[in-house]
Each structure stands twice: as C-alpha cells, then as structure tokens.
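This note was prepared for a colleague who wishes to read the structure at the level of single residues. Please keep the sequence and the coordinates at hand.

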Amino acid sequence: MADNVCNLTDKQCKPCEGGVPPLSEKESRELLQQLDGWTLSDNRIGKTFSFKNYYQVMAFVNAVAWMTHREDHHPDMSVGYSQCRVEYSTHAIGGLSENDFICAAKVDALFKL
Ligand SMILES: C[C@H](O)[C@H](O)[C@H]1CNC2=NC(N)=NC(=O)C2=N1
C-alpha cells in the first residue's frame, strides 16, 4: 500500500462548519468503494444493519453514539425491533464530506465486534 493511502478507520473527523464544497459524485463514489454495503442517494450514504433482537440493536445504537460523540459527527439512525439504519451526510455543507466515510467505516468496525 502506498504511503499516502490510509484506511478510513485510521482517520479522525475534522471539524466542519461549512465554507468548503461537498465532495463531488465522482469523489464520493471512489470513497464508497472502500466501504462494504453502503449506498449513496440524495447526497447521503446509508446502510441497514440486522440483529437478532432489540437488545442487540440498542447496544449497537449506543456504541455508534459513543463513537459519534468522539468524532463529533452525527448520523441519523432509525431503529426497529431487529434493524438499525444508519445514514450520514454533512449538514454544514449540505452534502458529503470525508467525515461521512470515516464514520461509516467506524460503524462497520463496531458492527463486527
Ligand atoms: C464543529 C462540528 O464539526 C460540527 O458542528 C458538526 C457536528 N456534527 C455534525 N454531524 C453531521 N452529520 N453533519 C455536520 O455538519 C456536523 N457538524
């Protein structure tokens, strides 16, 4: 792997309060290739995670909330009895930033624990 290539999970979100352009569709699709099962639509990336029961869903939601607090970058989460959908976009720029992809990779890592 080249020196300048870094896993998304090794990165930290950078504070974003606007003033930078959102990623282009091409840039977004390139980053999406580093993720498993996430889809892009309406300037958001999302993935639905399945679990055995509500307890496991809640444990996952809390783990994501903990990670998200550390990264200061927050997903929309919708919860059902055995599923949780996680969606990321960067509100401050009305589109996607690298932060969304970093957090998505970290959500996947939590799911695998
Ligand atoms: C300074 C800090 O990075 C911003 O207030 C963050 C907080 N969490 C955020 N989360 C998301 N999803 N989008 C944002 O633009 C955003 N902004």
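1. Confidence. The structure is a predicted model. Its chain has a mean pLDDT of 94, and 96% of the residues reach 70 or more. The model scores are ipTM 0.93 and pTM 0.93.

2. Geometry of helix 3. Helix 3 covers residues 98-112. Does its length agree with its number of residues, or disagree? At 1.5 Å a residue, its 15 residues should span 21 Å, and the end C-alpha atoms are 22 Å apart, so the two values agree.

3. Burial of helix 3. The buried residues of this helix are N99, D100, F101, I102, C103, A104, K106 and V107. The list includes the charged residues D100 and K106. Among the elements that cover these buried residues are helix 1 (25-32), strand 2 (44-50), helix 2 (54-71) and strand 4 (83-88).

4. The largest nonpolar core. This core has 17 residues, of which I45, F60, C84, V86, C103, A104 and V107 touch the most other members. At least two core residues come from each of strand 2, helix 2, strand 4 and helix 3. Helix 3 supplies the largest share, 5 residues. As general background, nonpolar side chains in soluble globular proteins tend to be buried together.

5. Contacts of C103. Which residues does C103 touch, once those up to four places away in sequence are set aside? They are C13, T68, E71, H73, P75 and Y88. C103 is also listed among the core residues that touch the most other members, and H73 is listed in the shell around the ligand.

6. The ligand shell. The ligand is surrounded by P15, C16, E17, D72, H73, H74, T90, H91 and A92. By class, the residues of this shell divide into 3 nonpolar, 4 polar and 2 charged.

7. S89. This residue is placed in the loop between strand 4 and helix 3.

8. D42 and N43. Both D42 and N43 lie in the loop between strand 1 and strand 2. D42 is not a glycine, yet has a positive phi of about 50°; for N43, also a residue other than glycine, phi is positive and near 60°. D42 is exposed, since 9 other C-beta atoms lie within 10 Å, whereas N43, with 16, is partly exposed.

9. F111 and L113. F111 belongs to helix 3, while L113 lies in the segment after that helix. With 18 C-beta neighbours inside 10 Å, F111 counts as partly exposed; L113 has 7 and therefore counts as exposed. Apart from neighbours within four places in sequence, F111 is in contact with F49 and F60. F111 and A63 are 48 residues apart in sequence and 9.0 Å apart in space, C-alpha to C-alpha. For L113 and V86, the corresponding values are 27 residues and 17 Å.

Note on methods
Residues are numbered from 1 along each chain as its sequence is written. This is a predicted model: local features need pLDDT of at least 70, side-chain atom pairs count only at pLDDT 80 or more; totals for chains, interfaces and linings use all residues. A residue is near a molecule or strand if its C-beta atom, placed from the backbone, lies within 6 Å of it. Helices (H or I, at least four residues) and strands (E, at least two) are DSSP runs, numbered from the N terminus. A residue is buried if 20 or more other C-beta atoms lie within 10 Å of its own, exposed if 12 or fewer, and partly exposed in between; C-beta atoms are placed from the backbone. The expected span of a helix is 1.5 Å times one less than its number of residues. Two residues are in contact if their C-beta atoms, placed from the backbone, lie within 7 Å. pLDDT is the predictor's confidence in each residue, from 0 to 100. A nonpolar core is a set of buried Ala, Val, Leu, Ile, Met, Phe, Trp, Tyr and Cys residues joined through C-beta atoms within 7 Å.
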